[in-house]
Amino acid sequence: MVKLTMIARVTDGLPLAEGLDDGRDLKDGEFYKQQVKALFKNLSRGLNEASRMSVESGPYIFHYIIEGRVCYLTMCDRAYPKKLAFQYLEELRNEFERVNGAQIETAARPYAFIKFDTFIQKTKKLYQDTHTQRNIAKLNDELYEVHQIMTRNVQEVLGVGEQLDQVSQMSSRLSSESRIYADKAKDLNRQALIRKWAPVAIVFGVVFLLFWLKNKIW
């Protein structure tokens, strides 16, 4: 069965729409939604270049397609037919582009097209029962091929982003430590100069003071 459906802009990971009822009766639904958002974040960085992919996560599997800088993603039971999942996404893509295509690039707030939920729910119902005549015909459609779509593990996919985050954090930390070290080095140099020239300055000061007093007395 189709469990979750989310649509996001690939360029920045901005969520554009989702099935509002999705995940309410799903155990750990919020956990899987967070994984979806992490996937969108990875896609916005250009880490997964495949325009179609399946990503396994526990008892479920994410399927997504990318078209026109938009990612259409659904999460299904592992037993749900892959071919139906991608045909479901294709239907969403066709309608979303037809209705909202001109506004996708200019959308500035999350879920700007939340009204698309109506179409998501209507279409999802058509795909829930895999034994309907309609879906059997889609499964037997030899023109729609999904065997070449890659399947990966969610930890493998998200791990790439986590490693980059760690590298970025390490780089920031090293940069910060370098600035601290540079500041300390300046302080040490300043203190060294003071220790080196302070006695000389004191001697000159004493000599000058004695010379001044001598002139005053005489």
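Author: Of the 218 residues of the chain, 38% count as buried. Buried means under 20% relative accessible area, exposed means over 50%, and partly exposed lies in between, using a 1.4 Å probe and protein chains only. This is a predicted model, in which local features need pLDDT of at least 70, side-chain atom pairs count only at pLDDT 80 or more, and totals for chains, interfaces and linings use all residues. Residues are numbered from 1 along each chain as its sequence is written, and side-chain values use heavy atoms, with hydrogens and water left out.

Start with confidence. pLDDT is the predictor's confidence in each residue, from 0 to 100. The mean for the chain is 82, and 82% of its residues reach 70 or more. Helix α2 (residues 82–100) has the highest confidence, with a mean of 95, and helix α5 (residues 154–217) has the lowest, with a mean of 63. Over residues 161–174 pLDDT stays under 50, and the model has 7 contacts there beyond four places in sequence. A contact means heavy atoms within 4.5 Å. Where pLDDT is low, the predicted coordinates should not be read in detail.

Now the parts list. The chain has 5 helices and 6 strands. Helices (H or I, at least four residues) and strands (E, at least two) are DSSP runs, numbered from the N terminus. Along the sequence the pattern reads β-β-α-β-β-β-α-α-α-β-α. Among contacts with a separation of 6 or more, 67% join residues 24 or more positions apart.

Two strands pair if DSSP finds at least two bridges between them.

Take the pairs in turn. Strand β1 (residues 2–9) runs antiparallel to strand β5 (residues 70–77), and 7 bridges join them. V2 has C76 as its bridge partner in β5.

Next, strands β3 (residues 52–57) and β4 (residues 60–67) pair antiparallel over 6 bridges. S54 has H63 as its bridge partner in β4. This hairpin has 2 residues between the strands, and G58 takes a positive phi near 60°. β3 also runs parallel to β6, joined by 4 bridges. There, V55 is partnered by R152 of β6. In a regular strand the side chains alternate between the two faces of the sheet.

What about the cysteines? C76 counts as buried because its relative accessible area is 0%. C71 is buried too, at 1%. The chain has 0 disulfides. A disulfide is counted for a pair of cysteine sulfur atoms within 2.5 Å.

Back to α3, the helix on the sheet. Its buried residues are D117, F119, I120, Q121, T123, K124 and Y127. Their cover includes β1, β2, α2 and α4 (133–139). An α-helix has 3.6 residues a turn, so residues three or four places apart point the same way. The 12 residues of α3 should span 16 Å at 1.5 Å a residue, and its end C-alpha atoms are 16 Å apart, which agrees. The expected span is 1.5 Å times one less than the number of residues.

N100 lies in helix α2. N100 is buried, with a relative accessible area of 9%. Beyond its neighbours within four places in sequence, N100 is in contact with F113 and F116. H147 sits in the loop between α4 and β6. H147 is exposed, because its relative accessible area is 71%. H147 and K83 are 64 residues apart along the chain, and their C-alpha atoms are separated by 8.7 Å.
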